[in-house]
Amino acid sequence: MPRPFQQVDVFTTTPYRGNPVAVVLDARGLTTEEMLEFARWTNLSETTFVLPPSAPGADYRVRIFTPGSELPFAGHPTLGTCHAWLAAGGTPGGADVIVQQCGAGLVPVRRTGYGLAFAAPPLLRSGPVEEPVVERVARMLGIGRAEILDAEWADNGPGWVAVLLASADEVLALRPGFVDLDVGVVGPYPEGSPEAFEVRAFFPKDGATAEDPVTGSLNASLAQWLLRTGRAEAPYVASQGTVLGRAGRAHISRDADGTIWVGGGTITCVTGEVKL
């Protein structure tokens, strides 16, 4: 059965410089196994499948798959799916906010001057990382324990261990060995720079270390940590993907009620049909 399909680049306004997501826009009738099989075939970090909503107030429902499993939430697939749904003629129930239903619940998405932005979901786990884990992360990153200024659990679906280094240059210089945890690393740029932080995201894949080009879930949880501890002021922009030749930009803002929004540019790179 032919189904409408888009491949969207996220956290960029320049094609092929962000993080791509594959979006199947009508997944009705597909089984979980069929979705996972297609996600393996695309071999992207995430592939999403759009379904009619089943929760009151939602505009659409999405299921998010890596090549190996289903995720309750992920950031760049949220923005890319919303972009594809709107581009295909989706009409939100509210004028200002699109409501996505996913495994993590209802996630609001809104239009901004720099693109779409999602509301950071609540953390499933936060707080200090146990010292043996911090030491293990330092070894995996190939740095001394003293170079990690702080570390915190930053789990909002993907279970990130977030570590803070002294500078963006130190983040860019990392050449990790094998990592067996999802590790997010952040370091500040000098005051007055166009971006406030450099971010990198490492995770195990097929027995090796993989690096994500631009990571919405990590930037969301990092923002919650950095803003709460006074290490950042909103709004700010984080860059990611530099070492990979990408130019990802995550825009962080915070409403008066404390809601943190994570957004960026989205652009369709491939459109057509898939047979599923």
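What volume does the second largest pocket have?

## Pockets

In this predicted model, where local features need pLDDT of at least 70, side-chain atom pairs count only at pLDDT 80 or more, and totals for chains, interfaces and linings use all residues, the second largest pocket has a volume of about 290 Å³. Residues are numbered from 1 along each chain as its sequence is written, and side-chain values use heavy atoms, with hydrogens and water left out. A pocket is an open set of points on a 1 Å grid over the protein atoms alone, where a 1.4 Å probe fits, with protein on both sides within 12 Å along at least five of seven lines, and its lining residues have an atom within 4 Å of a point; the volume is the space filled by probe spheres set on the points, which are joined across faces, edges and corners. Of the 19 residues that line the second largest pocket, Tyr189, Ala196, Phe197, Arg231 and Ala232 lie nearest its centre.

The largest pocket holds about 510 Å³ of space and is lined by 29 residues, with Ser45, Glu46, Thr66, Leu71 and Phe203 nearest its centre. At least two lining residues come from each of helix H2 (75-87), strand S12 (197-205), strand S13 (208-212) and helix H5 (216-228), where helices (H or I, at least four residues) and strands (E, at least two) are DSSP runs numbered from the N terminus.

## Helix H1

Helix H1 (residues 32-42) has as its buried residues Met35, Leu36, Phe38, Ala39 and Thr42, buried meaning under 20% relative accessible area, exposed over 50% and partly exposed in between, with a 1.4 Å probe and protein chains only. These residues lie on the same side of H1 because they cover an arc of only 160° around the axis, taken from the directions from the helix axis to the C-beta atoms. The face turned away from that buried side carries the exposed residues Glu33, Glu37 and Trp41.

The buried residues of H1 pack against strands S1 (2-10), S2 (19-24), S3 (47-51), S4 (60-65) and S17 (266-275), contact being heavy atoms within 4.5 Å. Just after H1, Asn43 takes a positive phi of about 60°.

## Cysteines

Zero disulfides, defined as pairs of cysteine sulfur atoms within 2.5 Å, are found in a search of the whole structure. Cys102 is in none, the nearest cysteine sulfur, that of Cys82, being 12 Å away, and Cys102 is buried, with a relative accessible area of 9%. For Cys269, the closest cysteine sulfur is in Cys82 at 17 Å, too far for a bond, and Cys269 is partly exposed at 23% relative accessible area.
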